[in-house]
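Open the model in your viewer and keep the selection tool at hand.

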Amino acid sequence: MSAASETALGLKESRTPQARLLKLVIYALVLVVFAGPLLALLVSAFNHVSDPTQLSVVPSRPTLDNFAVAVDHGVLKYLLNSFFVVGFGLLLQVVVSTLASYALARKRFRFMTVVFVAILATLMLPEEILAIPLSLILSDLPVLHINLIGTLAGIIVPVGAWAFSILVMTEFMRDVPRELEEAARIDGAGELRIFARIILPMCRPALGVIGVFGFTMIWDQYLLPMLVAADSSTYTLPLALRTLRIDPVVTPGVVMAASLLALLPSVIVFLFFQRSFVHGLSSGALKG
Amino acid sequence: MTAVKAEPAAPAAPATQERVSGRSGRWWVPWLFLAPALVLFLYFKFIPMGNALVMSFQNVQPFLGNQWVGQDNYVKVVTSDGFQQAAWHTVLLAVVQTAGSMLLGLVLALLMEGRSRRLSFIRSAAFLPVVVPMAVIAELWRIMYHPTGDGMLNSLLGLVGLGPSGFINDPHTSMASVIATGIWRGAPYDMMIFLAGLAGVNRDLYEAAIVDGASRWRRLLHVTLPGLRSVFSILFILAAIRGLRVFTEVYLLTNGGPNGSTEVVMTLITKLGLEQNRLGVASAGAVLLFLATLLLTVVVSVLRRRERE
């Protein structure tokens with residue numbers, strides 16, 4: 001295959017100096033537009049900003065004061081809440097989705113299609129649309145009569161089941177060869193053993209995908225923590241940013257410092273598991 | 001990101017019940033595995049949706065008991081100026097943001113397709129906005145949109161002799177500003193999906209086009225874009241649905257203001273429901289929003305299916 005046909009635009013064909021310059025300018029522009037604002041955030045978080053109206057792009061007088069003020073305003077507690085929610089929420093989500101996928105991918109049973117369609121339908125019922133009834137349900141779970149308002153569990157439990165994870169996992173589990181399962185079954189292995197020892201280990205790439213997407217999905221939650229919060233004690237860090245901004249004595253530098261703490265975990269997860277992320281994006285979106 | 005997975009995997013009819021061994025044949029085994037997911041969905045998706053439907057026909061009074069009011073809430077919602085305006089804003093935002101993100105995403109994908117190290121670094125950097133929490137993006141852009149001349153974006157505008165603009169603080173520019181922030185976050189996402197789509201376009205067709213002497217432009221128009229058709233419809237439906245239920249960025253950037261110029265359905269519903277406690281009316285609004293999403297999903301899937309046949 002010739003180099004010229006590798007890409008749609010065939011930009012490799014361009015060898016003239018003008019074309020190369022143009023390409024560099026375009027790349028620089030893309031970086032400035034998309035990474036520039038985040039760079040400004042990073043720099044401002046460490047800057048001693050005297051003028052509260054401006055973000056600083058050029059570092060001057062580096063300081064950790066912004067973080068100190070942010071910590072005084074309880075940012076560490078909110079960060080801890082966020083980690084607690086994402087930790088247990090993701091654990092629950094992965095366990096629940098892998099269990100459900102095992103049934104959907106490896107079993108045949110009555111009403112399977114109904115279950116499948118019901119799970120798909122939940123994709124059209126995001127927290128936004130359900131906000132009002134969800135806040136009522138959270139304050140008094142039907143039958144159990146438990147009040148989850150004002151508890152971190154109120155954020156963790158509802159994110160426990162996510163149709164996206166179940167669908168990605170189901171798709172992947174279908175492709176695990178039957179023979180492995182049969183052999184284990186003849187050896188007398190039970191369902192749970194087959195699930196945990198045979199099927200799950202074969203699904204590591206899919207686990208990466210649902211792990212990464214689950215993490216960013218839970219970390220990005222806004223409306224749900226807002227519905228659950230009775231006071232600031234259960235705020236997650238994204239939720240706390242607004243409170244911080246509204247506080248008249250807090251400077252933008254402090255808000256940016258807290259924002260940096262709020263974006264780092266998901267950016268780190270993305271950078272480390274980029275392959276899973278991109279894989280999930282393309283497989284999740286293109287298989288339809 | 002998955003509404004799309006809808007069609008492919010519908011499992012075969014349940015007629016072929018598996019009975020490999022006694023244990024696996026027990027009918028309740030799959031249900032045991034499904035139970036946690038089904039219980040959670042029941043509690044946090046289906047019961048709330050059912051409640052929303054019921055409440056939308058009621059005058060909800062927490063301690064006095066609910067009153068059945070028929071279609072009153074719907075009439076109130078549909079005829080209120082506030083809701084009509086919010087619905088128009090929502091559609092405007094969803095359409096412009098979707099179109100803008102897709103166009104910019106496609107351009108980015110075409111410009112940055114390729115395998116070199118440098119390109120993959122730039123792609124990752126451009127993708128960062130997608131993984132940054134929305135709340136952070138909103139706070140960042142609030143500061144960038146600072147309305148005085150020395151605000152970050154205003155000083156850039158000043159360099160080319162424009163502005164200062166009020167951005168989110170001026171009713172004339174507030175909607176455009178919210179949309180711009182949305183495109184900034186949406187375009188890199190679309191770029192990644194387009195890149196995946198581009199990788200799937202048949203390379204032989206490019207060769208053939210070159211052999212036929214087609215210009216770069218014609219190749220793009222007649223080979224690449226048709227090859228991306230399914231990507232377009234997927235992105236369209238995902239982005240449009242996300243656009244319709246837009247909440248966080250509007251809530252944090254403007255909360256519907258100034259002067260209602262950016263009020264969308266979701267910010268209106270939360271105001272009605274959570275702040276004014278008008279649960280019945282708010283539920284009617286939510287049900288209408290759900291129906292709009294449902295309609296859009298069904299129409300697009302029917303169109304796609306017809307196209308495929």
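In which helix of chain A does Leu271(A) lie? Select Leu271(A): its place is helix 13 of chain A, where helices (H or I, at least four residues) and strands (E, at least two) are DSSP runs numbered from the N terminus. This is a predicted model, in which local features need pLDDT of at least 70, side-chain atom pairs count only at pLDDT 80 or more, and totals for chains, interfaces and linings use all residues. Residues are numbered from 1 along each chain as its sequence is written, and chains are lettered from A and ligands numbered from 1 in the order in which they are written.

Leu271(A) counts as exposed because it has 12 C-beta neighbours inside 10 Å. The scale behind that word calls a residue buried if 20 or more other C-beta atoms lie within 10 Å of its own, exposed if 12 or fewer, and partly exposed in between, with C-beta atoms placed from the backbone. Draw a distance from the C-alpha atom of Leu271(A) to that of Met173(A), 98 residues apart along the chain: the separation is 26 Å.

Next, select Arg174(A), in helix 7 (residues 163-174) of chain A. Arg174(A) is partly exposed because 13 other C-beta atoms lie within 10 Å. Its C-alpha atom is 4.9 Å from that of Ala105(A), 69 residues apart along the chain.

Helix 1 of chain A contributes Leu41(A), Leu42(A), Ser44(A) and Ala45(A) to the contact, and helix 13 of chain A contributes residues including Pro252(A), Gly253(A) and Met256(A). Two residues are in contact if their C-beta atoms, placed from the backbone, lie within 7 Å. The residues of this contact divide into seven nonpolar, three polar and no charged. Here Ala, Val, Leu, Ile, Met, Phe, Trp, Tyr, Cys and Pro count as nonpolar, Asp, Glu, Lys and Arg as charged, and the others, Gly among them, as polar.

**Between the chains**

Show both chains. The contact takes 97 residues from chain B and 95 residues from chain A. On the side of chain B that touches chain A, the largest share, 17 residues, comes from helix 2 (residues 29-55) of chain B. That side divides into 66 nonpolar, 19 polar and twelve charged residues.

Select Ala135(B). Leaving aside neighbours within four places in sequence, its contacts include Tyr222(A), Pro238(A) and Leu239(A), as well as Thr248(B) and Leu252(B).

**Chain B and confidence**

Chain B has 14 helices and two strands, and 46% of its 309 residues are buried. Colour by pLDDT, the predictor's confidence in each residue, from 0 to 100. The mean for chain B is 83, and 92% of its residues reach 70 or more. Among the elements of chain B, helix 2 has the highest mean pLDDT (93) and helix 1 (residues 22-25) the lowest (50). Over residues 1-24 of chain B pLDDT stays under 50. Where pLDDT is low, the predicted coordinates should not be read in detail. For the complex, the predictor gives an ipTM of 0.89 and a pTM of 0.87.
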